[in-house]
Amino acid sequence: MIEILLFFIAASLLLYVLLGGSDYGAGILELLPVEKKLRDRQTELVGHAMGPVWEANHIWIILVVVILFNGFPKIFTTLTIALHVPLLALLVGIVIRGTMFAFRHYDAMPDEKSRRVYTALFAGSSLWTAFWLGVIAATLHRGTIPADVIAAAFAGASPRELYFAPWIGIYPAVCGIFVACTFAFLASTYLIGETKDADLKNLFKRRARIFNWLFLIAGVLTFSASAFETKAIAALPLGTLIAGVTGCFLACRIGIEKNNTLITRLFAGGQVTLILFAWISGHGTTAVTTTGGAVDFYAVVAPPATQLQLVSALLAGSCLIFPAFFFMMRVFKLRKE
């Protein structure tokens with residue numbers, strides 16, 4: 001049964017990155033300078049593209065949290081204590097971002113000043129949230145999290161040692177930048193196919209080309225920082241990863257130049273999927289690496305009775321969630337105008 005739980009965690013992370021990540025990226029793109037005549041049209045397009053689906057995309061990260069809380073309580077406890085600060089920063093960003101998007105998108109009579117405030121906070125919190133997602137991901141396997149955070153707290157560990165030292169460093173910071181570039185790259189490629197406006201198409205094509213390179217460069221820097229800090233890069237399938245990402249990169253560029261929305265989106269998502277797959281497969285079933293060593297999912301899983309109930313709920317829920325999600329995408333995203 002644990003394999004089913006791990007499958008749901010991996011699948012939920014992938015869907016959150018590919019779908020929710022592009023929503024963050026759309027906000028990040030609004031931080032970039034653009035001429036006035038395109039700014040309002042870009043804002044309108046982002047609202048149109050995200051409006052029907054942005055809340056639903058958060059279901060995937062909620063699933064991860066629920067599975068960890070019920071199926072792997074030790075991992076959940078370790079992460080929520082040691083990564084309390086970045087998790088809090090992440091949640092604050094999600095709340096501000098969602099609130100500002102709703103105000104901007106649904107406010108019936110916003111004045112110009114209010115719209116500027118909504119947009120600035122929406123865009124800034126999108127970058128903020130993406131950065132902290134990267135910091136959290138990088139910290140999982142640095143080996144800086146205390147082996148027993150509860151015991152460390154009762155033993156008188158300083159707040160810096162307990163709450164800040166695990167995630168402060170070059171590798172988490174670079175990974176945060178990498179995640180932001182990844183999300184902006186996804187948003188750029190996805191938005192090309194969301195408009196028939198030639199000026200907007202050209203704008204997002206230029207950004208897709210730029211962020212495709214930034215995505216690759218930031219990825220190399222992230223892997224280099226990982227090798228320097230954690231030596232974890234040795235466990236990654238680098239040959240397959242490099243070949244796959246290079247192929248997707250070239251295919252994505254061809255899709256952009258040929259105005260093929262399907263090819264562009266497919267291979268842009270393929271690049272990101274390969275990176276995430278390499279990261280997951282490289283660490284295997286290790287959930288988190290602490291100062292005491294690796295914590296394996298199999299070693300800390302909940303009792304069989306709890307696993308059975310959780311798996312049953314996930315399988316039953318999937319029969320409702322996935323058809324409903326597909327129907328929503330069919331109505332709002334795949335419908336022909």
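## A partly exposed glutamate

At 22% relative accessibility, glutamate 194 counts as partly exposed, a label for residues between buried (under 20% relative accessible area) and exposed (over 50%), judged with a 1.4 Å probe and protein chains only. Welcome to this predicted model, where local features need pLDDT of at least 70, side-chain atom pairs count only at pLDDT 80 or more, and totals for chains, interfaces and linings use all residues. Residues are numbered from 1 along each chain as its sequence is written, and side-chain values use heavy atoms, with hydrogens and water left out.

## Salt bridges

The side chain of glutamate 194 meets that of arginine 265 in a salt bridge, 3.3 Å from N to O. The pair connects distant parts of the chain, 71 residues apart: glutamate 194 sits in the loop between α9 and α10, and arginine 265 in helix α12 (residues 261-283). Helices here are DSSP runs of H or I with at least four residues, strands are runs of E with at least two, and both are numbered from the N terminus. Arginine 265 is partly exposed, at 28% relative accessibility.

How many salt bridges does a search of the whole structure find? There are five, each defined as a side-chain nitrogen of Lys or Arg within 4 Å of a carboxyl oxygen of Asp or Glu. One of them joins aspartate 197 to arginine 41 at 2.7 Å, N to O. Aspartate 197 lies in the loop between α9 (170-192) and α10 (198-229) and arginine 41 in helix α2 (residues 36-50), so this pair ties together parts that are 156 residues apart in sequence. Arginine 41 also meets aspartate 199 in a salt bridge of 3.3 Å, N to O. That link spans 158 residues, from helix α2 to helix α10. Aspartate 199 is partly exposed, with a relative accessible area of 36%.

Isoleucine 75 is in contact (heavy atoms within 4.5 Å) with Leu68, Ala287, Val295, Phe297 and Val300, leaving aside its neighbours within four places in sequence. Serine 22 belongs to helix α1 and is buried, at 9% relative accessibility. With neighbours within four places in sequence again left aside, the contacts of serine 22 include Phe183 and Tyr190.

Strand β1 (residues 286-290) is mostly covered, with four of its five residues buried. Four bridges join β1 to strand β2 (residues 293-296), and the two run antiparallel; strands pair if DSSP finds at least two bridges between them. The hairpin connects β1 to β2 through two residues, and threonine 290 stands opposite glycine 293 in β2.

Leu88, Val92, Ile96, Val117 and Leu121 make a nonpolar surface patch of about 370 Å². Patches are made of residues with over 30% relative accessible area and no salt bridge, with like charges joined within 9 Å and nonpolar side chains (Val, Leu, Ile, Met, Phe, Trp, Tyr) within 5 Å. Accessible areas come from the Shrake-Rupley method with a 1.4 Å probe; for residues, only the protein chains shown count as cover.

Helices α5 (84-106) and α6 (112-139) each supply at least two residues of the patch, and α5 gives the largest share, three residues. Leucine 121 lies in α6 and is partly exposed, with a relative accessible area of 39%.
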